[in-house]
Amino acid sequence: IIHIKESKSGKSRIVPMNNTIWSMLTTLANSRSHKDDDYVFVYDDGEPVRDIRRLHKKLLTNAEIFNYSFNCHRHTFGHRMANVFKTPLPILQKIMGHSSIKTTMRYVQVGDDDIMLAMKNCNEKKQEFDKSWHNKAQQTSIIGVDTTYMLLNPVFVDFIEGRKKEP
């Protein structure tokens, strides 16, 4: 996990870290000359980087990359998690530290392909459910009589459980 002591909202929060990030940060920490630091990002002289945004801007300027901010990384991450990896929005909201789902929605772009895929998935899940339900209904048959209706009907459930005298 990554512990952010003071986020943009001023709150402390925990961010989960996947194996790729862990591996990259470990490699970075092990490759520098000052290995006894508690800091991941340090300058060549061992001094810790205290303002990662300023360093980021300096690196972009040196590389002659313009119109790209530190926040572009968050937008790219949010966009990919929402639109490419189809991460459920409440989970993405927590990962990104948004207090409102409306903020997370900024990263979501819904196209016709997404709608078609959702409807296809709905149809497939419905067919799986119908098949499963049909198998359960067959298991509840008594002498060839389908008891599914009786099991779903609240009057029959009350009768079976002894709350009513007769259906």
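Trainee: Against which elements do the buried residues of α4 pack?

Mentor: Packing is read from contacts, meaning heavy atoms within 4.5 Å. Here the buried residues of α4 pack against β2 (13-15), α3 (71-84) and α5 (101-105). This is a predicted model: local features need pLDDT of at least 70, side-chain atom pairs count only at pLDDT 80 or more, and totals for chains, interfaces and linings use all residues. Side-chain values use heavy atoms, without hydrogens and water, and residues are numbered from 1 along each chain as its sequence is written.

Trainee: How many helices and strands are in the chain?

Mentor: Both are DSSP runs numbered from the N terminus: helices are H or I, at least four residues; strands are E, at least two. The chain has eight helices and two strands. In sequence order, the pattern is β-β-α-α-α-α-α-α-α-α.

Trainee: Which residues of α4 are buried?

Mentor: Buried means under 20% relative accessible area, exposed over 50%, partly exposed in between (1.4 Å probe, protein chains only). In α4, residues 89-96, the buried ones are L92, Q93 and M96. Viewed down the axis of α4, they fall within an arc of 105 degrees, so they line one face of the helix. That arc is taken from the directions from the helix axis to the C-beta atoms. P90 and K94 are exposed on the other side of α4. Just after the helix, G97 has a positive phi of about 80 degrees.

Trainee: Which residues form the largest nonpolar core?

Mentor: In soluble globular proteins, nonpolar side chains tend to be buried together. A nonpolar core is a set of buried Ala, Val, Leu, Ile, Met, Phe, Trp, Tyr and Cys residues joined through side-chain atoms within 4.5 Å. Here the largest has five residues: M81, A82, L92, M96 and Y107. α3 and α4 are the elements that give two or more residues to this core. Take L92: leaving aside neighbours within four places in sequence, L92 is in contact with F77, G78, M81, A82, T87 and T104.

Trainee: Is R13 buried or exposed?

Mentor: R13 is found in strand β2. R13 counts as buried because its relative accessibility is 18%.

Trainee: Which backbone oxygen does the side chain of R13 reach?

Mentor: That of I95, at 3.1 Å. Beyond neighbours within four places in sequence, R13 is in contact with residues including K94, I95, M96 and G97.

Trainee: What share of the chain is buried?

Mentor: Buried residues make up 17% of the 167 residues.

How values were computed:
Polar contact = N/O pair within 3.5 Å; in protein donor to acceptor, adjacent residues only side chain to side chain.
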